[in-house]
Amino acid sequence: MAKKKLYFNSRTIHGGQQPDKAYGSVMPPVYFTSTYAQEKPGTHLGYEYSRSHNPTRSALEASLANIESGAHALAFASGMAAIDAVIKLLKPGDEVVSTNDLYGGTYRIFDKMFAAYGITFHFVPMGDMGAVEKHINTNTKLLWVETPTNPLMQVIDIKAMAALAEAHKLLLAVDNTFASPYLQRPLELGADIVMHSATKYLGGHSDVVLGSLVVNDTDLANRLAFIQNASGAVPGPMDAFLVLRGIKTLHVRMQRHCENGRAVAEFLAQHPNIQKVYWPGFETHPNHEVAKAQMDDFGGMISFVHKDNSLEKAVAIVSSLQVFTLAESLGGVESLAGHPASMTHASIPKEKREKTGVTDGLIRLSVGIEDSKDLIVDLTQALS
Ligand code: P1T
């Protein structure tokens, strides 16, 4: 069966998968092994050492490549390890133009780690093509796009960025964590690398930390595989299994995340105590047209600000929620609330974070797949 031809909702289940060769098990066994017997040096069944390859990880990588419409996938120990591998393609003197609103950990590894190795990062509002172009010079090697952005839900035009990358011979990497491949497949829009924190929607059950990269170009895949093996930040087989299992229900979960996301966003938008709601599904969202063009729906990530826009009010609201859990992370079946300024984005200096809109009053919701009526009752009591 030519599995690439299946619709997305079948590829989550069958993409790149076949029954295990040993006993026909429908799910791949969790191959708990570090090493593999060789008949004589170099003669083996395709596996030598589990830092390089592991059959459970291979099954996950085949699934990831398929659902992101790519040719090659690589799994990492975390989303951050996947980002780390992309930046290790560069050398001192190289420059990167990145989204200015992005996950705090991504900002931290760029600004606090790789800047010390002589790589320059420009954090730019990517809705403004002129601003992006202004920062491109002969040293620029990579455009780093996160869309929708964490936590302000800006939507960056991937096709426009791909055209820019092509014109200047740059690599375009897209962090697709917030959308998931159910909503958006950046390689189909011209990106070179799609990155995931699979910890989120792909895993979907808040029980595993894992990252991934998917690419089409074989040479790029080989360079990234070299880094994956040389640096060794690979996931264990149990983690690979959990993410593969999560992917099987991605489409069903995402449909409910989107429905509940809309219900919660609309509830917040009409609430008299709410000053601002960030969600790309609103026609009034500044990038709504781009979102409509490149995403199949608008997702379950929402940020909002109470009319007081104060630290005290935000802390009071997130601390009084009962169905939403106050926690880092997102994309699991359970609804989570977070306070970016003190949690996920605390590593960004206050002036920089406030300049992009990540104020002390901002609250971020990862809307889960519970009954949306319970979520709205919970928000109603927390906002009263
Ligand atoms: O946590 P890890 O799997 O290493 O992934 C890092 C990462 C990368 N990119 C985006 C867009 C992310 O949101 C994350 C992780 N984010 C959170 C933990 C959070 O609560 O926002």
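Guide: Of the 19 residues around the ligand, Asp175, Ser197, Thr199, Ser329 and Arg364 come nearest; a residue counts as near if one of its heavy atoms lies within 4 Å of the molecule. This is a predicted model, in which local features need pLDDT of at least 70, side-chain atom pairs count only at pLDDT 80 or more, and totals for chains, interfaces and linings use all residues. Residues are numbered from 1 along each chain as its sequence is written, and side-chain values use heavy atoms, with hydrogens and water left out.

Visitor: What lies 2.8 Å from a polar side-chain atom of Arg364?

Guide: An oxygen atom of the ligand lies at that distance from Arg364. A side-chain N or O atom of Ser197 is likewise 2.8 Å from a ligand oxygen atom. For Gly79, a backbone N or O atom is 2.9 Å from an oxygen atom of the ligand. A polar contact here is a pair of N or O atoms within 3.5 Å.

Visitor: And how much of the ligand's accessible area does the protein cover?

Guide: On its own the ligand has 470 Å² of accessible area, and the protein covers 93% of that; the areas come from the Shrake-Rupley method with a 1.4 Å probe.

Visitor: Where does the ligand lie relative to domain 1 and domain 2?

Guide: The ligand lies between them, because domain 1 (8-247) and domain 2 (251-383) both give residues to its shell. The domain bounds come from an automatic or database domain assignment.

Visitor: Let us change topic. Which residues does a cis peptide bond join, with omega of about -10°?

Guide: That bond joins Thr147 and Pro148. Pro148 belongs to the loop between strand 4 (140-146) and helix 6 (158-167). Another cis peptide bond, with omega of about 15°, joins Asn150 and Pro151, and Pro151 also has its place in the loop between strand 4 and helix 6.

Visitor: What about phi of Ser69?

Guide: Phi of Ser69 is near 55°, a positive value in a residue other than glycine. Ser69 is found in the loop between helix 2 (55-67) and strand 1 (72-76).

Note on methods. A polar contact is a pair of N or O atoms within 3.5 Å; within protein, one must be able to donate a hydrogen and the other to accept it, and residues adjacent in sequence count only if both atoms are side-chain atoms. Helices (H or I, at least four residues) and strands (E, at least two) are DSSP runs, numbered from the N terminus.
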